[in-house]
Amino acid sequence: MNVTSTRGGVAELPLADALVGATAPDGGLFVPATFPPENARNPRGPTLADSALAVLAPFFAEDRLSDVLPAMVAEAFNFPAPLVPLRNRHDFVLELFHGPTAAFKDFGARFLAACIRRLHPHGGGLRTVLVATSGDTGGAVAAAFHRMSGVRVVLLYPDGRVSPRQAHQLGAFADNVTALRVAGSFDDCQAMVKAAFADPELAPLQLTSANSISLGRLLPQLAYHAHAAWSSGEMLNLIVPTGNLGNAVAAVWARELGAPIGDIVLATNANRTLAEFFEGGAYRGRPSVTTLANAMDVGDPSNFERLSWTYSDPAVLRRRVRARLVSDEHISRTIQQGERRHGQVFCPHTAAGVWVLEQIRGSSGARTGTWAVAATAHPAKFEGIVEPLVGHPVEVPPALAALLDRPSHAEPLAADASALRRWLLDHA
Ligand SMILES: *Cc1c(COP(=O)(O)O)cnc(C)c1O
């Protein structure tokens, strides 16, 4: 399958050329030139990996990676994404946090790593995967590329603005992974990374992007939405906790492919850009505000361009997708009451989704059907927020516990593009 740009300003190119990396040459984002026709309607496998292969194979048909796709899928989908019922037995959480770093980003990062392993086999010199992270992306990327030959990973995170366990995790890999704690905000980290990619002096380092607009991270995320919908045995409505819209666009595309997904509702935190748009206002990106659901602190979600490409008429987009804003107060209360009401402890992002579910269920008894909330991270990753609210310790999943047992080290760095350039050249 070929890809094109959301802005229509580039000739079609093969998927393999667009899996890794950021924007299209015309400044848009890469999107499928055509969706494989209804490919997700029938082929449901017994395991998530079987379904992933069924969903992804048509995208890779005739691509130079098509022969190795089964191996890539096996590497990325080696942990489950179970649909777990809530206490009411009508609704579910789709647990996406059973990977090595306990957040859904493990799926995309592992698939991207599988792509890079095939596209750039060792021998072409050392590649540097450079990522700015507000917490979860960096860990997932580090875990996915840890000890991969020919690749080193450099992570930038805002010092003091990620949870203590996230910080420990980012610094715990060592080997080919370096964590840089930047004296600034996430926006500073992102600006520094952007400047590095544009810097001709750094070209010999073969800087490689792993951010969430890479198709190699987005496409695998279609698989668990489709697999969940098939597994539910009926039409499944989805609530997706949303920041940069990567997970949400994946859900929308899975529905476009024919997976039995009904309504899609985005749960956002106090960053109001999407809520305003879906209430009928203009799209207006802005700086992010800090909330309890820090991985969703995005004021100008870059994947909005893919969403509005998918449904180019805003009226249609507002019919096919809805959004609800969730305040920190409602996130806290949902975590606090989660065990009593639903039998579960939620992370702050998942809690935003569960609050939206409660509103939908509460406001109209007539709204039937089955709903699933994407559970985007394990609550143990955000123990500083979650444990005081639930009043007891949250058990740490084994993979995360293993990382937290390792020593952790991060190097300090000024929030300045020239400091990053110097660091990269000194450590080339
Ligand atoms: C990244 C992340 C989100 C937001 O996902 P997007 O694809 O950026 O919308 C939500 N929850 C958690 C835990 C995350 O790490």
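These legends go through several close-up views of a predicted model, one site at a time. Residues are numbered from 1 along each chain as its sequence is written, and side-chain values use heavy atoms, with hydrogens and water left out. Because the model is predicted, local features need pLDDT of at least 70 and side-chain atom pairs count only at pLDDT 80 or more, while totals for chains, interfaces and linings use all residues.

View 1. Let's start with the ligand, which is surrounded by 14 residues, each with a heavy atom within 4 Å of it. The closest are Lys105, Asp136, Gly243, Asn244 and Thr376. By class, this shell holds 5 nonpolar, 7 polar and 2 charged residues. Here Ala, Val, Leu, Ile, Met, Phe, Trp, Tyr, Cys and Pro count as nonpolar, Asp, Glu, Lys and Arg as charged, and the others, Gly among them, as polar.

**View 2. Polar atoms facing the ligand's oxygen atoms.** Asp136 places a polar side-chain atom 2.6 Å from an oxygen atom of the ligand. The backbone takes part too: a polar backbone atom of Gly243 is 2.8 Å from a ligand oxygen, and a backbone N or O atom of Asn247 lies 2.9 Å from an oxygen atom of the ligand. On its own the ligand has 390 Å² of accessible area, and the protein covers 97% of that. Accessible areas come from the Shrake-Rupley method with a 1.4 Å probe; for residues, only the protein chains shown count as cover.

**View 3. Helix α5 and what covers it.** Helix α5 spans residues 164-171; helices (H or I, at least four residues) and strands (E, at least two) are DSSP runs, numbered from the N terminus. Which of its residues are buried? They are Arg165, Gln166, Gln169, Leu170 and Gly171, where buried means under 20% relative accessible area, exposed over 50% and partly exposed in between (1.4 Å probe, protein chains only). The elements that cover these buried residues include α4 (136-145), β7 (151-158), β8 (177-183), α15 (383-390) and α16 (398-405).

**View 4. Phe60 in the largest nonpolar core.** The largest nonpolar core has 69 residues, and those with the most contacts inside it are Phe60 and Leu215. A nonpolar core is a set of buried Ala, Val, Leu, Ile, Met, Phe, Trp, Tyr and Cys residues joined through side-chain atoms within 4.5 Å. Leaving aside neighbours within four places in sequence, Phe60 is in contact (heavy atoms within 4.5 Å) with Leu15, Leu19, Leu65, Ser66, Leu69, Met72 and Phe111. A second, separate core of 32 residues includes Ala103, Ile239, Leu357 and Val390.

View 5. Leu205 sits in the loop between α6 (186-197) and β9 (207-209). Why does Leu205 count as buried? Because its relative accessibility is 9%. Leu205 and Leu126 are 79 residues apart in sequence, yet their C-alpha atoms are 7.1 Å apart in space. Not counting residues up to four places away in sequence, Leu205 touches Leu126, Arg127, Thr128, Arg152, Leu424 and Ala428. Thr128 belongs to strand β6 (residues 127-132) and is buried, with a relative accessible area of 1%. Its side chain makes a polar contact with the side chain of Arg152 at 2.9 Å. A polar contact is a pair of N or O atoms within 3.5 Å; within protein, one must be able to donate a hydrogen and the other to accept it, and residues adjacent in sequence count only if both atoms are side-chain atoms.

**View 6. Two alanines with positive phi.** Ala102 has a positive phi of about 65° although it is not a glycine. Ala102 lies in the loop between β5 (92-95) and α3 (105-119), and counts as buried at 2% relative accessibility. Ala174, in the loop between α5 and β8, also has a positive phi, near 60°. Is Ala174 buried or partly exposed? At 41% relative accessibility, Ala174 counts as partly exposed.

**View 7. Arg87 and its partners.** Arg87 is placed in the loop between β4 (83-85) and β5. Its side chain reaches the backbone oxygen of Arg340 at 2.5 Å. Apart from neighbours within four places in sequence, Arg87 is in contact with Glu339, Arg340, Arg341, His342 and Gly343.
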